[in-house]
Amino acid sequence: MPVRNENRGENRQRLLEIMEVMRRHEIVKGITPEKLCAIIEELGPTFIKLGQILSMRSDILPAAYCDALKKLRSSVNPMPYEQIAAIVEKSYGRPLEEVFASFDHAALGSASIAQAHAAVLQTGEPVVVKVQREGIYEIMSQDMTLLRKAAGILKLAPGTGEILDFGIILDEMWKVSQEEMNFTIEAQNAETFYKNNEDVVFATCPRIYREETTPQVLTMEFIDGISVDNKAKLLENGYDLDEIGAKLADNYIKQVIEDGFFHADPHPGNIRIREGEIVWIDMGMMGRLSKRDQALFAKAVAAVAQHDVEGIKSVVLSIGKCRGKVDHAKLYIDIDEMLSRYGDADLGGLDLGQLMNECMDIAREHKIAMPE
């Protein structure tokens, strides 16, 4: 009973903190995409993760909100080296110096759940060590309890309440976050991804050092490559940008359509070019598709290529969850009008990203919610 009372007190204090942030940003006067991002950043890791999940749900939120949420900063103030060393030593059960010949005091990067440091193993291999923030599970678990009780305040944009079940979003976020907070899962993800792509000469991911990996500490190969969005440096090093783009698209389609196991956070910071290879890093957030979903995605691509309105309509209804009665005639007309804007362009000439966003807009308009 005392523990429960203590938790209630902590929850009440956290709720007051959340309410104060809302008040300071004058949420009663309405919320813009920019204000939403400012509030989320101030509320901390749980809300940043929620924003990152929502940024990928263009079937739920209008494009302006999704675009703003995509810009949420991933960097936060780093933990001091002494705290990092203590976490690593506690996780390993032995002194840091027994494992690493050197360990950089300054962080390579610091995010909401973990931060990364460059190091060198006693065997001489340069590595990156990802260390989980102390107490992050308890912080996020507490916030999740509050969010579930107050899911109604998350109806942030007009027109979303009719199709948006925030319980599903919160379940998705918590599932993803729990996986990201267990580095043995990320290690398994990396090993699966590596195996799926071992016959692809131009795509790979960092090697995992299993003996130096625990649920709180992940040790992986150091990738000394060029960020995929650093065009000037890529050109300076003799790379063909068109070739990189084609291979990147080819490999991502393989991940989705053939493997059903794909990188779910493919921003430029997670893609490096090294010695002619595309190296995917950070396997904490991965997407999985069932055989049925893989087949539906393949059907969707074929339907777009053939300007098959009925085929696209069938896929949207098969994948999505209808939140009301569907006007099939209106849905057909909306998809037909969307495809007509692309004329007779073949698949290679289409902006598939834009077309996918338009499909999501149509789904939202017809109260068809997409699964995670």
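Predicted model: local features only at pLDDT ≥ 70, side-chain atom pairs only at ≥ 80, totals over all residues.
Figure 1. Before the close-ups, here is the overall picture. The protein chain has 372 residues, and buried residues make up 45% of them. Its accessible surface comes to about 19200 Å², with 53% of that belonging to carbon and sulfur atoms. Looking at contacts in the chain with a separation of 6 or more, 62% are between residues 24 or more positions apart.

**Figure 2. Helix α3 meets helix α4**. Let us start with a pair of helices. Two packed helices are described by the angle between their axes and the distance between the axes. Here the partners are α3, residues 45-55, and α4, residues 63-70. Their axes come within 8 Å and cross at roughly 130 degrees. That angle makes α3 oblique to α4, and the crossing is left-handed. To find the contact, look for Gly 51, Leu 54 and Ser 55 on α3, together with Cys 66, Leu 69 and Lys 70 on α4. By type, the residues of this contact are 3 nonpolar, 2 polar and 1 charged.

**Figure 3. Helix α13 packs against helix α14**. This view turns to another helix pair: α13 spans residues 309-319 and α14 spans residues 328-340. The two pack at an angle of about 120 degrees, and their axes lie 9 Å apart. An angle from 65 to 115 degrees would count as roughly perpendicular and one over 145 as roughly antiparallel, so α13 and α14 are oblique to each other. α13 passes α14 in a right-handed crossing. On the α13 side, the contact is made by Val 309, Glu 310, Ile 312, Lys 313 and Leu 317. Facing them from α14 are His 328, Leu 331, Tyr 332, Ile 335, Asp 336 and Leu 339. The residues of this contact divide into 7 nonpolar, 1 polar and 3 charged.

**Figure 4. Asn 270, a buried loop residue**. Our last close-up settles on a single residue. Asn 270 sits in the loop that runs between strand β8 (261-263) and strand β9 (271-274). Is this residue buried or exposed? Its relative accessibility is 6%, and buried means under 20%, so Asn 270 counts as buried. Which residues does Asn 270 touch, leaving aside those up to four places away in sequence? They are His 263, Asp 265, Val 279, Trp 280, Ile 281 and Asp 282. Of these, His 263 belongs to the stretch 261-263 that forms β8.

Definitions and conventions. Residues numbered from 1 in each chain as written. Heavy atoms only, no water. Axes fitted to C-alpha atoms, helices over the stretch in contact; angles between N-to-C directions. Helix = DSSP H or I, 4+ residues; strand = E, 2+ residues; numbered from the N terminus. Parallel < 35°, antiparallel > 145°, perpendicular 65-115°, else oblique. Left-handed = near helix turned anticlockwise from the far one by under 90°. Contact = heavy atoms within 4.5 Å. Nonpolar A, V, L, I, M, F, W, Y, C, P; charged D, E, K, R; others polar. Buried < 20%, exposed > 50% of the residue type's maximum accessible area, 1.4 Å probe, protein only. Areas by Shrake-Rupley, 256 points an atom, 1.4 Å probe, with all protein chains shown as cover.
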